[in-house]
Amino acid sequence: FFLGATLIFIGYELLFEWLWEIRQKLLLTEYLTLIATFVGIHIIGIDAGILFGVVVAVIDYVFTTAQVTTVTRVIKRSRAVWTPEDYKLLQDNAYGRVAKIVTFEIRGSVFFGSSIQLLQNISEDIGLDATQEEAQELTIASPAPRGHPRLMKNPSFTSSTSVQPNIRRRPCFLVLNLSHLSNLDASATRGCFLQLAKMCAKRGIVVCASGALPRVEWMLRSHDTAHTIEEEEKVKQSLLDTESGVKSTEKILLFLTLYEGLEFCENLMINQMTQKATATRRPSFIRLDELVGPADATGADVPKETLPHIFAHVLGLHDSDLSQLSVLEKDEFHEEKVFSEGDVIFRRDTTADAFFIVLKGAVALVREDYIKQNTSSTIISGAGHVQMSQSPLRMAKEIGDIRAILQTGTIFGFVDFLLDRPRTFGAISSQGGTVCAMITHARLDQLEATNPDVHAIFQKVLLSSSVMELANCTCSE
């Protein structure tokens with residue numbers, strides 16, 4: 001009797017603790033899963049009840065994950081070195097009150113449970129109203145058994161000839177930052193991103209995506225949502241060439257970094273606004289037009305730029321003002337460093353005893369503390385292993401998370417240099433034959449002592465670069 005009473009007491013105590021008191025420590029969905037498992041065990045048995053609880057937990061996870069995916073509109077600009085005139089043109093037209101270049105940051109996992117909601121959020125934000133034909137196509141592509149009735153019922157997503165179209169001005173370029181997108185399945189690829197690209201193409205909107213993990217990139221390319229690597233380069237060049245007449249594409253253009261995609265869009269925007277010929281433009285999109293000759297487009301060796309020309313380009317100075325800056329060409333005020341592809345310029349947490357200016361080539365900024373997940377270039381499909389083609393820049397991600405690709409004329413490392421703090425990021429050469437001007441405290445002090453006027457111009461350039469960095473910063477980073 002005593003043993004039986006003790007067991008009953010323990011049993012009721014456990015029931016009270018795990019069915020009543022625990023409700024204050026669990027979310028509502030978790031608590032309902034617990035109750036469902038408890039009821040299932042008593043109705044269909046312990047084994048089947050536990051299995052029923054697992055199924056309920058899986059369903060809860062699917063619905064919860066569908067709500068985790070977030071899309072946020074962010075204000076971002078590239079790190080390209082534009083002239084003051086081009087910068088003003090972009091500010092007034094591309095990033096003004098009615099933005100022509102719109103950037104979205106997508107976080108979480110996108111699958112069949114969240115893809116339609118993601119598409120609807122982006123479409124509503126940029127004023128993209130689907131026609132009845134497009135809505136029917138979306139319902140066919142939707143993973144739901146009978147499509148997604150919300151697409152047909154939501155008046156903000158569909159429009160017809162009898163309804164006044166959305167009067168909001170649509171952007172010309174849509175940039176998607178996929179660096180925080182952890183997973184993407186086939187249904188979301190076709191039901192969300194492919195449909196978004198088609199809808200934007202019909203309205204003349206160029207869609208770009210950047211920072212995609214190898215798994216996400218393979219999913220986009222294999223489902224014809226993005227071009228193949230070879231085809232993609234040709235499409236990008238045709239878009240840059242104003243004489244080709246190509247203004248949009250039905251597929252998403254992929255870029256390694258967000259700033260590379262933004263630079264491409266800004267370059268297209270400037271070409272459209274100024275009607276400059278781009279047949280002789282280099283694929284690196286560097287707008288030092290007065291210094292880059294037609295020979296560069298043939299793939300010949302690109303000439304090294306000089307500090308006077310770069311400073312004049314940043315400040316918008318005329319050729320008559322270059323004579324005052326000619327002193328910067330002297331080796332006593334800077335040291336030129338030549339790097340091969342993949343060479344480390346500096347690493348994170350090292351002493352910031354100098355800053356650098358890119359005179360030739362390109363430099364990749366990396367965050368070495370980045371925890372790499374799902375970055376393997378080998379994809380396992382239903383047919384077996386798929387080896388993703390690796391570009392030199394993508395192979396550089398083995399060192400860390402690439403934050404930006406800096407082109408000729410860019411100043412980097414000066415913030416840590418001025419604050420006299422350890423490096424907060426690393427830098428590697430992403431092209432062979434990259435040349436950087438290295439400027440130390442001693443050389444800067446010598447310039448101030450011997451040429452105070454030039455030193456003042458130097459400080460003005462650093463101030464301008466600092467303002468650009470500050471204006472391009474968001475709280476998400």
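Because the model is predicted, local features need pLDDT of at least 70 and side-chain atom pairs count only at pLDDT 80 or more, while totals for chains, interfaces and linings use all residues. Residues are numbered from 1 along each chain as its sequence is written, and side-chain values use heavy atoms, with hydrogens and water left out.

The chain has 17 helices and 15 strands; helices (H or I, at least four residues) and strands (E, at least two) are DSSP runs, numbered from the N terminus. Of its 477 residues, 45% are buried, where buried means under 20% relative accessible area, exposed over 50%, and partly exposed in between, with a 1.4 Å probe and protein chains only. Among contacts with a separation of 6 or more, 78% join residues 24 or more positions apart, contact being defined as heavy atoms within 4.5 Å.

Helix α4 spans residues 84–93, and Asp86, Leu89 and Leu90 are buried in it. These residues lie on the same side of α4, because they cover an arc of only 95° around the axis; the arc is that of the directions from the helix axis to the C-beta atoms. An α-helix has 3.6 residues a turn, so residues three or four places apart point the same way. The cover over the buried residues of α4 includes α11 (258–274).

Further along, Gly113 sits in the loop between β2 (101–110) and α5 (115–125). With a relative accessibility of 40%, Gly113 counts as partly exposed. Its C-alpha atom is separated by 9.4 Å from that of Ser187, 74 residues apart along the chain. Ser115, in helix α5, is buried with a relative accessible area of 0%. Apart from neighbours within four places in sequence, Ser115 is in contact with Val110, Ala188 and Cys192. The buried residues of α5 also include Ile116, Leu118 and Leu119. After α5 comes Gly127, whose phi is positive, near 70°.

The structure holds seven aromatic pairs. Rings of Phe, Tyr and Trp (its six-membered ring) pair if their centres lie within 6.5 Å; planes under 30 degrees apart count as stacked, over 60 as edge-to-face and the rest as tilted. The pair of Phe255 and Phe264 is tilted, because the ring centres are 5.2 Å apart and the planes stand at 45°. Both of these residues, Phe255 and Phe264, are buried. The pair of Phe356 and Phe412 is stacked, because the centres are 5.5 Å apart and the planes are at 15°. Phe356 lies in strand β8 (residues 354–360) and Phe412 in strand β13 (residues 411–412), so this pair ties together parts that are 56 residues apart in sequence. Phe356 and Phe412 are buried, and together with Phe346 and Phe425 they form one aromatic cluster.

Finally, the structure contains two cavities of 30 Å³ or more. On a 1 Å grid over the protein atoms alone, a cavity is a set of points where a 1.4 Å probe fits but cannot get out, and lining residues have an atom within 4 Å of a point. Grid points are joined across faces, edges and corners, and a volume is the space filled by probe spheres set on the points. The second largest cavity holds about 30 Å³ of space. Its lining consists of Arg79, Ala80, Val81, Glu263, Ile405, Leu406, Gln407 and Thr410.

Methods: 1 Å grid on protein atoms, 1.4 Å probe; cavity = no way out; pocket = protein on both sides within 12 Å on 5 of 7 lines; lining within 4 Å.
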